[in-house]
Amino acid sequence: MGGIVLSNGAVMSADEIRRAIVRIAHEIVEQNAGVSDLMLVGMRTRGVPLAERLAAAIREFEGETVGVGALDIGLYRDDLPALGTKVEIKPSELPQDIAGKRLVLVDDVLYTGRSIRAALDALIDYGRPERIQLAVLVDRGHRELPIRADFVGKNIPTAKDDDVLVQLEESDGKDQVIVTERRD
Amino acid sequence: MSKLLIQGGRVLDPGTGIDKVADVLLVDGLVAGIGSDLSADGAEILDGSGLIVSPGFVDIHAHLRDPGQEYKETIATGTEAAARGGFTTVCCMPNTDPVIDTRATVEYVLRTADATGRVRVLPIGAVSKGREGHDLAELADLAEAGCIAFSDDGAPVADGALLRHAMEFASISGLTVIDHCEDAGIAAGGVMHEGWVSTRLGLQGQPAAAEETAVARDIAVAAETDLPLHLAHISTRAAVDLVRTAKQRGLPITAEVTPHHLTLTHEAVAFSQNGSNGNATLLYDTNAKVNPPLRTADDVAACVEALREGVIDAIATDHAPHADYEKACEFDEAVFGISGLETAFGLCMTLVRSGDLDLPTLIERLTAGPVRALGLERSVPGLGSLAEGLPAGQAGAPGDIVLIDPEAEWTVEPERFASKGRNTPLAGRTLMGKVVATVYGGEVVWAEEKVPA
Amino acid sequence: MAKNATRTQTSRAASTPAAKRPTPLNPDATSERLVPETNWTRRHLLDVDDFTSAEIELVLDTTDAMKEVLARDIPRVPALRGTTIVTLFYEASTRTRASFELAGKVLGADVINVAASSSSVQKGEALLDTVRTIQAIGADVCVLRHHASGAPYIAARESEFRVINAGDGQHAHPTQALLDAYTLRSELGDIRGRKIVIVGDIAHSRVARSNMWCLTSLGAEVVLCGPPTLMPVGLNGSTSDAEEHDLPPVRVEYDLDIAIEGADAVMALRLQRERQSSGLLPSLREYSRLYQVNGERLAKAKPGAPVLHPGPINEGVEISTEVAHGARSLVEEQVTNGVAVRMAVLYLLLRGEQP
């Protein structure tokens, strides 16, 4: 993390993350009038554990199991050479055919919208879902494409050169969201 | 009367046993005196202080490519390269186009050398017509025209009977046959030494036995005829051992080794010599493609040892210049050969620096050794020495002198070669030991700018 | 011809039962290695001789993702849209070229095939002139197959585009080695500690050379087996010799019945028929009597040990018909995996982080 300093510490605590997930889970079920034909698709990397947590929450209060898939958008990105980071890609794994399903795409942070654009392209290559909704833990603004989230954990206003880091138990050992200021 | 006085250098002439600080006076192109306080009256003066002053080097194995392959080298460029490398005599191989197998071609070479050459050129005639290995060339006629030895170099004399007959016929003129020792069947089209590096690179290897069986056969033929035979570019330990044994038996066998076979191994084909090969890929360095191929470190050690002991008589460059495009291609398709005249001395000096060879021995193997190996004093009395008076009644040896700075460091820059052939695996290498000036027939034919007084 | 091969391979990929549908999510699998650790730092793929096991595994993991793409009804993604791949083949090879061509097309790249027979190559145009032409066209990658060992290295030194070695002389065939490793990993799980026997004409085989590096890097025990006339010099040393000499740590065994004992996998190489005429073999009969991978010999390997072959097979010479078409043959999987591995390599070279 060279060149990055913590500014104001965690902007979401573990409890806030937990509550946001439970709330989004309720909203998803409410908006879709139940869970039939519903499928959650987590975007690698951190969207996948978030989708699993949403599914677990839904199972808790609805008593029904919702399918969870994992989507890798590496092959659909248009910003990779610039980013130059995530070279590793994994197979996308979808539990069933997505044709006719109501999909909820799950990601950790919504920023420019380019990843979501790539994810939509990727999903459509698998078939024609009835609808696609978007759930994110954090919306930090600065959209570059006409894309908005249907379910948002927390809106966090940021500067363009801030970094928003979502850390999760499953990948990072603990739950929190941090905003750091990039310093060159 | 032209006079040249070289003052204050360390005169080192292993041939006559001189090794002292002295002046050397050349008069009318011949050595006239060695001593202190020689009269500088009317003489051009070269300051030799701090330098080694030795007889000009004699290269008994070079390819000048002229006639026919002037795009690779000409007698003019080749002898310019020789002068820069300290060589005042170059014996040129007959694998030209046309082959040097007739009087006319010999005369062409001598005439062109006379007109455009910077140093002495002594042609080697072909053993067989067209170097085809079938019919003997007219060896006596070639000798009369000026050839000083015979060879089909580039190819071995595959037919042992032909080799024997060539030696017998050459003896009429008192000349020596030179054989390129390679059994074509065993060599099997190999493009480098057969060993772990050829396995590493997936290149067809040429086993050491290809050279060794040919050396053994040649020695057997020499033993039967008791006629002199010179073995070109010896490169393996077993070949060296065969030569050693033959000499112990008193056979008239002589041998040469190239500077590259004394210093480089087959690893030069694959890996950078600069050590910083980090994540670099394999070289497939076509400039290290040469025949016989660069061998193992053990072979190199054996050649150095044999040179030191005198089992190998001479260092010969096997200067083989080629056009860039003949090397800028796939390894299999690249031609064999290293452009060696201008790097020979500096490269051999690495052996002096490492303590494997002393300087007088190195000079001997570049001067008196090669002259003895081919009996060249018959053609040029006093060649390769600084003798003052010769039995033939001549005033002294040819005024061929090289001035050497053994401590000077320099970097090999092929693009600055005088030779048209920039094909060397040494590009970028720093060498220590440099030819500062070359005097041929009493005239300075090459000098670093600062040296002439 | 290329078109036919393309279609065949597409349908085979799509009909592989295991890959028919996107695989269900394994909850345990998502938490492992969520954050990528290995970066791709190579401009060219010339051989796998200096690859770390982590780099090889990055290719194989990426191949998993490519297999998933190939299994779709419409196997096409835009990952390499806008890039140009030139395949330059100085040797005929239907399958390798078709495999690369399909790999490029699935990833959305433009693929131009230059065959030696139909280009100025046959008019004596020098390799480096051809390299300059390909550069001028604006190619991003050149997939080069050449009869001379080292040709891709020479091309790579002179080019601004990336070079993938699709087989050079007797030297290397890195994508074949990677697809073999992928196939073995899919079959055996971890390759570490597994005994893999490579049988045949080792001396002239670029497949064998690259496989030695790749498999030993992954920790396999590699045993080479073939007649002494077809074994390259310098390989039969101890491990320390191999290190000193920059050769892979392999073992040589001339008796196939001994070599194959307890093997986890057997890889047979194609025997070029001209080896007989060049005096390296008395006859094909003599060769197959001693070195053919057949049912009887395979029984001495571990139960179920798979058999690989880079193709095309001389049935009844290096491998018996029953084994070539038997249950333990992975030859078809190799072909399918070949496309996916080449996709992975193209993707990593063009989209990986550059040094």
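How many helices and strands does chain A have? Chain A has five helices and eight strands, where helices (H or I, at least four residues) and strands (E, at least two) are DSSP runs numbered from the N terminus. The model is predicted, so local features need pLDDT of at least 70 and side-chain atom pairs count only at pLDDT 80 or more, while totals for chains, interfaces and linings use all residues. Residues are numbered from 1 along each chain as its sequence is written, chains are lettered from A and ligands numbered from 1 in the order in which they are written, and side-chain values use heavy atoms, with hydrogens and water left out.

Along its sequence, chain A runs β-α-β-α-β-α-β-α-β-β-β-α-β. Of its 184 residues, 53% count as buried (under 20% relative accessible area, with exposed over 50% and partly exposed in between; 1.4 Å probe, protein chains only). In chain A, A:Arg140 lies over the face of A:Tyr111, at 3.8 Å from the ring centre; a charge sits over a ring if NZ of Lys or CZ of Arg is within 6 Å of the ring centre and within 35 degrees of the ring normal.

Turning to chain B, B:Lys327 is placed in the loop between strand 15 (314-315) and helix 12 (344-353). B:Lys327 is buried, at a relative accessible area of 6%. Beyond its neighbours within four places in sequence, B:Lys327 has contacts (heavy atoms within 4.5 Å) that include B:Thr286, B:Lys289, B:Phe336 and B:Asn423. A polar atom of the B:Lys327 side chain lies 3.1 Å from the backbone oxygen of B:Lys289. B:Lys289 in turn lies over the face of B:Phe336, at 4.7 Å from the ring centre.

Aromatic rings come next. Over all chains, the structure holds seven aromatic pairs (rings of Phe, Tyr and Trp, the last by its six-membered ring, with centres within 6.5 Å; planes under 30 degrees apart are stacked, over 60 edge-to-face and the rest tilted). The rings of B:Trp196 and B:Phe271 are stacked because their centres are 6.0 Å apart and their planes at 25°. This pair ties together parts 75 residues apart in sequence, since B:Trp196 lies in helix 6 (residues 196-201) and B:Phe271 in the loop between helix 10 (267-270) and helix 11 (297-309) of chain B. B:Trp196 is buried at 8% relative accessible area, and B:Phe271 is buried at 15%. In chain C, the rings of C:Trp40 and C:Phe51 have centres 6.0 Å apart and planes at 70°, so this pair is edge-to-face. Both C:Trp40 and C:Phe51 are buried.

How values were computed
A polar contact is a pair of N or O atoms within 3.5 Å; within protein, one must be able to donate a hydrogen and the other to accept it, and residues adjacent in sequence count only if both atoms are side-chain atoms.
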